[in-house]
Amino acid sequence: MKFIFATLLSALISSTIISLNAQEHNAHSNKNIAHHIHKNDVAGFIGATYIFESGFVLPTFGVEYVRKLNPYFGIGAIAEMEVGSHIISMDQSSNEQAEVERESAFLLLPALYFTTGKFVASIGYGVELEKSQNLGLLKVTAYYVLDLKKDYWYAIPSLSWDYTSQFNGLVYGFNIARSF
């Protein structure tokens, strides 16, 4: 009886270990296949930009492209359009107040992406093109990736800080992304 019990117990343990190893191997293989086949992400962005200096909130639309270099790093490009106008009062070096009218701006910048699980961070430096003048722009963004029911589709809430020599902006919204 002890022999039968020991044999059944060892068979159960062996089959469990073999099954777990097979599942782990399958998951690892699927992960590798996904990373080899789907290295590109493209996303559409909708949100708003809060300009600290003027207190205005501007609707913001954009697109992003990311090329994954490995599971943790990627490079890409961000293009955004801030729609609307606002006036910023600035303190010049001579301590005079000057009003600068800002109109719809187009932002274009390359970016580096860092991924850890479902959290993604990016940093990029580019240009903000506007009717009256162009400014250098530093953008730092945090994302959280949510899987949708369709394969390779994602909803990605994001929060960014935009910095130029004249103003700071907080950009918030979400992306709908597709891997290919």
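How many bridges join strand β1 (residues 40-51) to strand β2 (residues 57-68)? In this predicted model, local features need pLDDT of at least 70 and side-chain atom pairs count only at pLDDT 80 or more, while totals for chains, interfaces and linings use all residues. Residues are numbered from 1 along each chain as its sequence is written, and side-chain values use heavy atoms, with hydrogens and water left out.

Strands β1 and β2 run antiparallel and are joined by 11 bridges; two strands are taken to pair if DSSP finds at least two bridges between them. Within this pairing, Asp41 lies opposite Val66 of β2. Five residues separate the two strands of the hairpin, and Gly55 in the turn has a positive phi of about 80°. Strand β1 also pairs with β11, again in the antiparallel sense, over 11 bridges, and Ala48 has Tyr172 of β11 as its bridge partner.

Met81 belongs to strand β3 (residues 73-82). With a relative accessible area of 33%, Met81 is therefore classed as partly exposed. Among contacts (heavy atoms within 4.5 Å) between residues at least 6 apart in sequence, 48% join residues at least 24 apart.

Technical notes:
Helices (H or I, at least four residues) and strands (E, at least two) are DSSP runs, numbered from the N terminus. Buried means under 20% relative accessible area, exposed over 50%, partly exposed in between (1.4 Å probe, protein chains only).
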